Amino acid sequence: MNSDLNFSRYSMSNHNDLKEVALKLLAYCRFNDWAGYDPYDAVNSRLFAALPFLNSRLPRLVFTQALKRTPFNIRRLLLIPKTQNPKAIALFLSAFLKLSRFGMPEVTDYPDLMIERLIALRSQDPPYWCWGYSFPWQTRTIVVPAGTPNLVCTTFVAGALLDAYEQRGEKRCLNMAVSTAQYILDELYWSMGTSIAGFSYPLPNLRTQVHNANFLASALLCRVYKHTGESKFLAPALRVARYAATKQRKDGSWFYGEGPSQGWIDNFHTGYNLCALQSIDNSLESTEFEPHIQRGLQFYRAHFFREDGAPRYFHNRDYPIDIHCVAQSIITLVLLRDLSPSNIPLASSVLEWALDHMWDKGGFFYYQVQRFYTVRIPYMRWAQAWMLLAISSLLCDSGDVVANSKASRLDSLSSRMLTASGAFGGPAFLTV
């Protein structure tokens, strides 16, 4: 085991061990002032300003993909600074709220700190409360400037603010989330004909169908409707969610999107879809999307976990094992724990695998395990913030985190469907 914490194979049944991991991870993040590198921050290199001939689409694209794939962290040499990312701060906020609810006095002051950081990091130009990433990022076709608001980052921040409002009753947090909902409605919502609708991502002028972005925004609008009763948020949310739900495949999966290069199926975006649909039903006290959640969870459990608990990135191959998939797997399984009695043991197995293979004694998690090597880069948003939220979800939301025994785990795993669809070429350019 790659840790100075003496975990037994089934130690996740002990809350003290989980708390110790959370505190070590918290100490690492606090020491780094909540700032770090990101898999997609290549264009944040000062070289692009110093060498203008590099600052065009193709060099940015090549640089981004090459740096994301290298097993070595050479960002300091490339003059890429560490930054505080609003999405990471939002994940920290949600995690600290859970940990404080669990009864950890060590995090008492952190929710206020995270809220203040989110206020400071808001995108400056729009009149709404919205957020973008702390670095410019290059897609296949466009570059998105640093700080430019995008739907996914904004929904995670507003969702964390709603977490704070629901737990602490802070009206300013609700007000910011309402402004975000208005931004989504005014700037990002679009429709075509009587049934097709969506939310633009990553920029307002792009009428793309990215299913996880659509579900996330719909879920946020429904949460805002729940707290305000403002019906203007409800109809667009349901129209988009219903359209995206119809794109679920017969086996329960979703492609990432409807674009010609978006036909892949991956772990954490599937998790986003399922959690967002559950949030919509919870907000509306409805069961409308339950059949989609049930089929999606069946596919999720059947295709995204190895027998040893390691979560797959893609539905049809074992590698890479990505820390974001570890975290989202735990969060998804815990949230949907009422739909399967073995969700919590499986989530516990996922965390144990990560502690065995992706945890560093310095108090942080590695980025990826490939077939023949491990990428030990400690990304702040992609890894540490997500894992702190995942661990806090296990502590706070799962009840007794009991893995039972190896036999019961293997029994629950072997009951999964083992059918696999045909080979898929993985996407060269994954969303940030």
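The legends below describe close-up views of a predicted model.

**View A. Packing of helix H8 against helix H10.** Helix H8 (residues 211-228) and helix H10 (residues 267-284) pack with their axes 8 Å apart and at an angle of about 20°, and because angles under 35 degrees count as roughly parallel, H8 is described as roughly parallel to H10. The crossing in which H8 passes H10 is left-handed. On the H8 side the contact includes His-211, Phe-215, Ala-219, Cys-222 and Lys-226, and on the H10 side the residues include His-269, Tyr-272, Ala-276, Ile-280 and Leu-284. Sorted by class, the contact of H8 with H10 has 10 nonpolar, 7 polar and 2 charged residues.

View B. The bond from Tyr-201 to Pro-202 is cis, with omega near 5°, and Pro-202 is placed in the loop between strand S4 (196-199) and H8.

View C. Tyr-319 and Pro-320 are joined by a cis peptide bond with omega of about 5°, and Pro-320 lies in the loop between helix H11 (290-303) and strand S5 (321-322).

**View D. Positive phi at Asp-33.** Although Asp-33 is not a glycine, its phi is positive, at about 55°. Asp-33 belongs to the loop between helix H1 (15-31) and helix H2 (47-50), and counts as partly exposed because its relative accessibility is 47%.

**View E. Positive phi at Glu-285.** Glu-285, a residue other than glycine, has a positive phi near 50° and is found in the loop between H10 and H11. With 77% relative accessibility, Glu-285 counts as exposed.

Note on methods. Residues numbered from 1 in each chain as written. Predicted model: local features only at pLDDT ≥ 70, side-chain atom pairs only at ≥ 80, totals over all residues. Heavy atoms only, no water. Axes fitted to C-alpha atoms, helices over the stretch in contact; angles between N-to-C directions. Helix = DSSP H or I, 4+ residues; strand = E, 2+ residues; numbered from the N terminus. Parallel < 35°, antiparallel > 145°, perpendicular 65-115°, else oblique. Left-handed = near helix turned anticlockwise from the far one by under 90°. Contact = heavy atoms within 4.5 Å. Nonpolar A, V, L, I, M, F, W, Y, C, P; charged D, E, K, R; others polar. Buried < 20%, exposed > 50% of the residue type's maximum accessible area, 1.4 Å probe, protein only.
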